[in-house]
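Dear colleague,

Please find below the structure that I am handing over to you.

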Amino acid sequence: MDIIQKYWRGFLVSIVVAAAAQFLSEHYGAPAMLMALLLGIAFHFLAEEGVCKPGIEFTSRTVLRFGVALLGARISVELMIGLGPRLIAVVIAGVVLTTFFGILCARFLGRGWRFGLLTGGSVAICGASAAMAISAVLPKNEHSERNLIFTVLSVTVLSTIAMIAYPILTEIFEFNDEVSGVFLGGTIHDVAQVVGAGFSVSDEAGEVATLVKLIRVAMLAPIVLVISMIVRRHAEDGNTDGKRPPILPTFVVGFLIFATLNSLGFIPEVVVEIMSSLSRWALLISIAAVGMKTSLKRILDVGGQAIGLIIAETVFIALFVLAGVALLGH
């Protein structure tokens, strides 16, 4: 009961902000994640001090991990195999290379490897969800929260722009439905925007785009696992502060378990839908809490180089996927 009394106010505030964001999304077409983020920032004062602060901290951390774990229920190996091994290889290579591209560019610009990994991974995998999952296992410093909120804000805005612009590009270049689906699913950051862009072209393009996007989402677990192992090794060498992180974070274990169960057909379709909805709401609520923890002034301190970096990563993965599709003769 003491735990409930400590956390319920901040948790409830996060739910209210997330519900307001969802309302704005449904009635005005704005991305729910973006609205939750901006509304959360407007209520930053609640996270500075007072009775809501512990609950906001809990929501931004624990509810986030719960939402990422439930993402695994969307993964089905059987559906993804239908795309063919060569196409799957192109998508996976795009994820890995974009992540490394982010790290290299960040170092070239004088940014820390954490920032490059955070932005590169979020662009490569699944936008805001990936940013929050990667941030959860990265070693913390004084810029961690600022970098996370900047990354979530940037990938959400860029994903929304891509949702509008990329279907127009598929018409200009006269892509067929399959190529359009691969391009949209392999390049747009957030799942919701991939679905919106894909089905705005055609039903077939929407289905292919969703499957390609699920391959990228499936890469979340191995990428986070590798990051966790590297961070753990540095902790063993005494290069990071605080206790040593677990070799396999609990939420990654949950993600893998749910993905395996769904791939084996042990989770009924109706339960998958419920789990997907719960995951989306958990991530929406947690990003509202993350927004409340971060001041707008700190976001603006990131600078123009950071904006250029995340745009460069977005362009890189788009060009790579297009090149891959062209080489495969699609």
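This is a predicted model: local features need pLDDT of at least 70, side-chain atom pairs count only at pLDDT 80 or more; totals for chains, interfaces and linings use all residues.

Residues are numbered from 1 along each chain as its sequence is written, and side-chain values use heavy atoms, with hydrogens and water left out.

Salt bridges

The structure holds two salt bridges, a salt bridge being a side-chain nitrogen of Lys or Arg within 4 Å of a carboxyl oxygen of Asp or Glu. In one of them, the side chains of Lys293 and Glu57 meet at 3.2 Å, N to O. This pair links distant parts of the chain, since Lys293 belongs to helix H15 (residues 269-293) and Glu57 to helix H4 (residues 53-70), 236 residues apart. Helices here are DSSP runs (H or I, at least four residues), numbered from the N terminus.

The side chains of Lys293 and Glu145 also form a salt bridge, at 3.0 Å, N to O. Lys293 lies in helix H15 and Glu145 in helix H9, so this pair ties together parts that are 148 residues apart in sequence. Through shared partners, Glu57, Glu145 and Lys293 are joined into one network.

Buried means under 20% relative accessible area, exposed means over 50%, and partly exposed lies in between (1.4 Å probe, protein chains only).

Helix H9 and its end

Helix H9 has 29 residues and reaches 40 Å from its first C-alpha to its last, close to the 42 Å expected at 1.5 Å a residue. The expected span is 1.5 Å times one less than the number of residues. At Met163, shortly before the proline Pro167, H9 has a kink of about 35°; the bend at a residue is the angle between axes fitted to the seven residues ending there and the seven starting there.

Just after H9, Glu174 takes a positive phi of about 55°. Most residues other than glycine have a negative phi. Glu174 is found in the loop between H9 and helix H10 (177-187), and Glu174 is exposed, with a relative accessible area of 72%.

A buried residue

Ala128 is placed in helix H8 (residues 128-137) and is buried, with a relative accessible area of 1%. Ala128 and Leu284 are 156 residues apart in sequence, yet 9.7 Å apart in space, C-alpha to C-alpha.

The cavity

How many cavities of 30 Å³ or more are there? The count comes to one. A cavity is a set of points on a 1 Å grid over the protein atoms alone where a 1.4 Å probe fits but cannot get out, and lining residues have an atom within 4 Å of a point. The volume of the largest cavity is about 90 Å³, a volume being the space filled by probe spheres set on the points.

Among the residues that line the largest cavity are Arg114, Phe115, Leu118, Ser144 and Asn147. Helix H7 (113-124) and helix H9 (144-172) are the elements that give two or more residues to this lining. The largest share, three residues, comes from H7.

Yours sincerely

Methods. On a 1 Å grid over the protein atoms alone, a cavity is a set of points where a 1.4 Å probe fits but cannot get out, and a pocket is an open set with protein on both sides within 12 Å along at least five of seven lines; lining residues have an atom within 4 Å of a point.
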